[in-house]
Amino acid sequence: MTGALSQAANAGTTAVRDAHRFDEAALAAWMAEHVVGFAGPLTVEQFKGGQSNPTYRLHTPTAAYVLRRKPPGSLLKGAHDVLREARILTALAKTIVPVAPIHGVCADDDVIGTPFFVMGLVEGRIFWDATFPDVSREHRAACFDAMNATLAALHGVDYEAVGLGDYGRPGNYFARQIARWSRQYREDTDAGCDPAMDALVEWLPANIPTDDETRIVHGDFRCDNMIFHPTEPRILAVLDWELSTLGHPLADFAYHAMMYRMPPEIVAGLAGADIAALGIPTEQDYIAAYCARTGRAAIPDYDFYVAFNFFRLAAIFHGIKGRVIRGTAASAHARNRAASFPQVARLALDAMEACR
């Protein structure tokens, strides 16, 4: 879930949770030295989102900021790498991709206990429902076009030119990802097997498209991971770059466009919605717009990319199911994800069967 940057009602703040408290005076001293224009006194609140990396709103008499930090405690190697997130935001600030400005980055654990970065607070709207229910029909279509254009712009960035040549492993993205998620699925025996997943584990690696590309990929590009202008249908900042890497752009696009087939109760999705009445472009029109922007005639293997993304999501939900069974993920959110696992696996299988 995103580290929210907005004052939108659904992205509210609370007092800092006990587990995520830190020395606020030490932070203020650091900001006075490293953040241009900072002037206290400083007050700190915590966003309700940002479950992966704790996210805070910082108030001063003249400005507001957002702080993203690595969570305290023992973590898996490479997980919750906020410095990596700060790195891509800094790199993309040189491009047309809309991101929040970075004001300071701290790798020193001694300041507040973990690495962190401070960025500007972007005021605007976050849409948690993919039908954009509170938006006019005309603006709704424009919002979808803005999402399409923004993702195409990201995939057009020369990652070498912006200093991200070593941000991931170029090439062979699908083979590596399929192997990773297949292994995690098979090794979590507590969560059990599923016939749809078993079929996907066998079919996907044997049917990877031959066209191999490498671009910057966001990894979780959804309507609720971006901030729209308060009144206009344009994007001010794309959020939550924690899963970003170098990968295949069509995997990234298909993950985003998966919203057309996604039940809204699982993740922000359009399945079952009357998109014509809402003024939302059809899935085929949305694909065509992305192709036009990225110089493609079509996406011949589109259903493979959708199958891969539903498979990846199903593997993640399968892992959550295992943790629920073992008692290490007891929240209602985790239980809902675990319960959705068979449905997501079936959606992956449907896309696989459409390829045949």
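User: At what angle do the axes of helix α7 and α10 cross?

Analyst: They cross at roughly 70°. The two axes come within 8 Å. This is a predicted model.

User: Why is α7 called roughly perpendicular to α10?

Analyst: Angles from 65 to 115 degrees count as roughly perpendicular. The axes cross at roughly 70°. Therefore α7 is roughly perpendicular to α10.

User: Which residues make the contact?

Analyst: On α7 they are Leu 250, Ala 251, Phe 253, Ala 254, Tyr 255 and Ala 257. On α10 they are Tyr 302, Tyr 305, Val 306, Phe 308, Asn 309 and Arg 312.

User: How do the residues of this contact divide into nonpolar, polar and charged?

Analyst: Ten are nonpolar, one is polar and one is charged. Arg counts as charged, and Arg 312 of α10 is in the contact.

User: What makes Asn 309 buried?

Analyst: Buried means under 20% relative accessible area. Asn 309 has 2%, so it is buried.

User: What does Asn 309 touch, not counting residues up to four places away in sequence?

Analyst: It touches Ala 251, Ala 254, Tyr 255 and Met 258. The side chain of Asn 309 also reaches the backbone oxygen of Tyr 305, at 2.9 Å.

User: Why does His 59 count as partly exposed?

Analyst: Under 20% would be buried and over 50% exposed. His 59 has 23% relative accessibility, so it counts as partly exposed. It is found in strand β3, residues 55-59.

User: How do you know that the side chains of His 59 and Glu 45 make a polar contact?

Analyst: Such a contact needs a pair of N or O atoms within 3.5 Å. Here the value is 3.2 Å. Beyond its neighbours within four places in sequence, His 59 is in contact with Pro 41, Leu 42 and Thr 43 as well as Glu 45.

User: What kind of peptide bond joins Gly 40 and Pro 41?

Analyst: It is a cis bond, with omega about 5°. Most peptide bonds are trans. Pro 41 is found in the loop between α1 and β2.

User: Is Phe 132 buried or exposed, and why?

Analyst: Phe 132 has a relative accessible area of 0%, so it is buried. The cut-off for buried is under 20%.

User: How does Asn 172 count, and why?

Analyst: Asn 172 has 46% relative accessibility, so it counts as partly exposed. Exposed would need over 50%. Asn 172 also has a positive phi, about 60°, although it is not a glycine. Its place is in the loop between α4 and α5.

User: Why do β1 and β5 stand at the edges of the sheet?

Analyst: The strand order is β1-β2-β3-β4-β6-β5, in an open sheet of six strands with antiparallel pairing. Each of β1 and β5 has a single partner strand, so one side of each is left without a neighbour in the sheet.

User: How do you know that β5 and β6 pair?

Analyst: Pairing takes at least two bridges. Four bridges join β5 to β6.

User: Which strands does helix α2 lie across?

Analyst: It lies across β4, β5 and β6, running at about 35° to β6.

Terms used. Residues numbered from 1 in each chain as written. Predicted model: local features only at pLDDT ≥ 70, side-chain atom pairs only at ≥ 80, totals over all residues. Heavy atoms only, no water. Helix = DSSP H or I, 4+ residues; strand = E, 2+ residues; numbered from the N terminus. Buried < 20%, exposed > 50% of the residue type's maximum accessible area, 1.4 Å probe, protein only. Contact = heavy atoms within 4.5 Å. Polar contact = N/O pair within 3.5 Å; in protein donor to acceptor, adjacent residues only side chain to side chain. Axes fitted to C-alpha atoms, helices over the stretch in contact; angles between N-to-C directions. Parallel < 35°, antiparallel > 145°, perpendicular 65-115°, else oblique.
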